[in-house]
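Here are my notes on this model, point by point. Please read them with the structure open.

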Amino acid sequence: MTQLRCIAIDDEPFALEIMADNISKIPFLELTGTYANPLEAVPLLKRGQVDLLFLDIQMPTITGLQFLRTMGHKPLTIITTAYQQYALDGFELDVLDYLLKPIPFDRFQKAVLKAQEYFVLKKLSDHLITAPKHEAELPDSFVIYSEYKQIRIELDDVLYVEGLKDYVKIYLQSQPRPILTRLNLKNIQKRLPAQLFCRVHQSFIVSIRKITAYQRTRLFIQRQEIPVGGRFVFEFEQIMAAKVLY
């Protein structure tokens, strides 16, 4: 699970206590600090050690909005305030969400789930944008044993792989019949670069480049429909969203 390092800035001690308690209930959040004065958080923010910032607006030293304007590279930011009138200003500064105090826990949970999705999407997008620089380092083929002989398979030829207990079927673009080999899906996945292939179901691995259409619970490679399993949906959607961005 992707962990988000977060801090909370608020001049009210009770508000910081409530925020710390809410954060402790979310498994993917790691609270690294609470601050009554925004300026005390500057060194941590400058070192890039904050993924998510919870920020109050009305503070005596400097307002939350003023503080945001002074920052160069901003982490994902969620405004926490009792004043609704600053919402437009916050969104003009690209804040992720705007929570009005007192903050119901279900509303807090919705905001941090959104933050997690944005964070994962950004990481995948950055990875895909830089991937072409390293493409030459990826293997272009792998070898399997089938029909009493060693067979070399080009990665770019693979459409998808279907698992059948102790065997897998490898479907290729270059031939109508799949290649059957005595390997389980977990072992074949180790031979397929994660930049190019994605596990989408208990029984299927697909070539990301060969996907021609997709929905939340299914995808198509050419005319073949392949299911997307429930526990694979989130990762699959983030990969496809990052692919669209790229």
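1. **A sheet pairing to start from.** Strand β8 (residues 158-164) and strand β12 (residues 204-207) run antiparallel and are joined by three bridges. Tyr160 stands opposite Val206 in β12. This is a predicted model, so treat what follows as a reading of predicted coordinates.

2. **The sheet around that pair.** What is the order of the strands in the open sheet? The order is β10-β9-β8-β12-β11, five strands with antiparallel pairing. The edge strands are β10 (179-181) and β11 (197-201), and each pairs on one side only. On average, neighbouring strands of this sheet are turned by 20° against each other, direction ignored. As background, strands of a sheet pair through backbone hydrogen bonds.

3. **Aromatic pairs.** The count of aromatic pairs comes to five. Tyr160 and Phe204 form a tilted one, at 6.2 Å centre to centre and with 50° between the planes. Tyr160 lies in β8 and Phe204 in β12, so the pair ties together parts that are 44 residues apart in sequence. Elsewhere, ring pairs link Phe54, Phe105 and Phe108 into a cluster.

4. **The hairpin of β14 and β15.** Strand β14 (residues 218-221) pairs with strand β15 (residues 224-227) in the antiparallel sense, over four bridges. Arg218 has Pro227 in β15 as its bridge partner. Two residues lie between the strands. Gln222 is found in that loop. Its phi is near 55°, a positive value in a residue other than glycine. Gln222 counts as partly exposed, at 49% relative accessibility.

5. Glu225 forms a salt bridge with Arg218, and the closest N and O atoms are 3.5 Å apart. Glu225 is partly exposed, with a relative accessible area of 40%. Arg218 is partly exposed as well, at 27%.

6. **Asp97 and Arg107.** A search of the whole structure finds nine salt bridges. One of them joins the side chains of Asp97 and Arg107, at 2.7 Å from N to O. The pair links distant parts of the chain, ten residues apart: Asp97 sits in strand β5 (residues 97-100) and Arg107 in helix α5 (residues 105-134). Arg107 counts as partly exposed, at 29%.

7. **Glu237 and Arg216.** The side chains of Glu237 and Arg216 meet in a salt bridge, 3.1 Å from N to O. Glu237 belongs to helix α7 (residues 233-245), while Arg216 is in the loop between β13 (213-214) and β14. The two are 21 residues apart, and the pair links distant parts of the chain. Glu237 counts as partly exposed, at 27% relative accessibility. Arg216 is exposed, with a relative accessible area of 52%.

8. **The cis peptide bond.** Which residues does the cis peptide bond join? It joins Lys101 and Pro102, with omega about -10°. Pro102 lies in the loop between β5 and α5.

9. **Confidence.** The chain averages a pLDDT of 87, and 89% of the residues score at least 70.

Notes:
Residues numbered from 1 in each chain as written. Predicted model: local features only at pLDDT ≥ 70, side-chain atom pairs only at ≥ 80, totals over all residues. Heavy atoms only, no water. Pairing = 2+ DSSP bridges. Axes fitted to C-alpha atoms, helices over the stretch in contact; angles between N-to-C directions. Salt bridge = Lys/Arg side-chain N within 4 Å of Asp/Glu carboxyl O. Buried < 20%, exposed > 50% of the residue type's maximum accessible area, 1.4 Å probe, protein only. pLDDT = per-residue confidence, 0-100. Phe/Tyr/Trp six-rings, centres within 6.5 Å; stacked < 30°, edge-to-face > 60°.
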